[in-house]
Amino acid sequence: MPQRERTYRIVALDGGGIRGILSSVLLQRLESRMPGVLEKVDLFAGTSTGGIIALGLAAGLKPEAFVTLYANHAAVVFDDSFLDDLRDFGRLIGAKYDLKNLGRILEGVFGKKRLKDLNARVVIPSFDLDNEGEKRRPRMWKPKFFHNFPGPDSDGEELVVDIALRTCAAPTFFPTYQGYIDGGVVANNPSMAALAQAVDRQTGRQELSGIRLLSLGTGLNPAYIKGDRRDWGLAQWARPLLALMLEGMMGVADYQCERLLGGRYFRLQPLLLEPIGIDAVDKVSDLMRYASQVRLAKAIRWLEREFR
């Protein structure tokens with residue numbers, strides 16, 4: 001009898017700020033229907049808020065830990081004080097929020113844990129603003145995908161907290177962190193990044209036919225720009241441009257993964273009833289309610305078939 005091909009399971013988590021509570025509730029519901037399903041995952045990928053969740057799941061935390069984290073600490077993370085606004089000339093200069101509060105919270109969760117200490121492999125996108133001419137390359141910015149696969153380019157020695165803050169430093173919302181900004185500018189949906197790392201012959205070394213990939217969004221915003229022609233310049237495009245960068249490209253990875261994996265890929269991305277910003281802390285209860293009402297029958301059937 002021929003040996004059955006090994007199944008390699010991936011969970012990829014989108015960015016989306018406070019909307020990470022939606023994907024956390026969805027994961028909690030999936031886990032309650034299929035206890036232990038997340039323990040089977042070989043690789044967690046996550047961008048920005050999804051990066052925090054991915055790192056936590058790889059560390060052995062349960063989804064409910066993140067539901068509690070977002071519910072209890074969202075207002076502290078997205079705390080825009082009057083004094084800060086005064087220093088930033090009413091938000092004209094300077095980031096809207098500070099990363100210090102988020103850093104303290106994450107230190108309480110991860111402590112001094114390093115990527116090499118995690119129970120599963122991870123891929124966490126970020127963006128390096130200055131490579132400082134490393135390895136005789138021209139000095140320039142570049143995407144960076146942190147991972148803990150063994151090998152010469154492993155980031156296993158990096159602190160989990162540092163990687164989480166690097167992937168969460170969304171431009172205009174937070175200052176840069178250690179020279180990095182939010183991974184959402186290159187892969188707000190990290191599914192394709194995870195797939196590439198899994199089949200890479202130097203790291204994951206997996207066959208495409210053996211991969212199963214569950215991709216979770218943080219809620220699809222019903223956003224649009226009406227009109228057939230917009231003769232806009234920098235001032236007009238400045239406000240919607242970040243949202244276009246972070247959310248508009250998510251469908252690209254979805255398209256690519258679906259074409260490459262077919263039925264071995266499943267995307268769970270509920271449509272939100274209203275636009276919700278990444279810092280809308282007043283919408284936490286609404287996001288939890290939305291997530292509790294999402295129909296999961298198709299996702300459950302897919303997991304039962306593919307994650308067995």
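At 43% relative accessibility, Gln 178 is partly exposed (between the cut-offs for buried, under 20% relative accessible area, and exposed, over 50%, with a 1.4 Å probe and protein chains only). Its place is the loop between helix 6 and strand 5. The phi of Gln 178 is positive, near 55°, and the residue is not a glycine.

Thr 172 sits in the loop between helix 6 (160-168) and strand 5 (180-182). Thr 172 also has a positive phi, about 75°, without being a glycine. With a relative accessible area of 55%, Thr 172 is exposed. Most residues other than glycine have a negative phi.

## Basis of the model

This is a predicted model, in which local features need pLDDT of at least 70 and side-chain atom pairs count only at pLDDT 80 or more, while totals for chains, interfaces and linings use all residues. Residues are numbered from 1 along each chain as its sequence is written, and side-chain values use heavy atoms, leaving out hydrogens and water.

## The chain as a whole

The chain holds 12 helices and 7 strands (DSSP runs numbered from the N terminus: H or I of at least four residues for helices, E of at least two for strands). The radius of gyration is 19 Å, close to the 19 Å from the globule rule for 308 residues, so the chain is as compact as a globular protein of that length. The radius is taken over C-alpha atoms, and the rule is 2.2 Å times the number of residues to the power 0.38.

Of the 308 residues, 51% are buried. The C-alpha trace spans about 70 × 50 × 45 Å along its principal axes.
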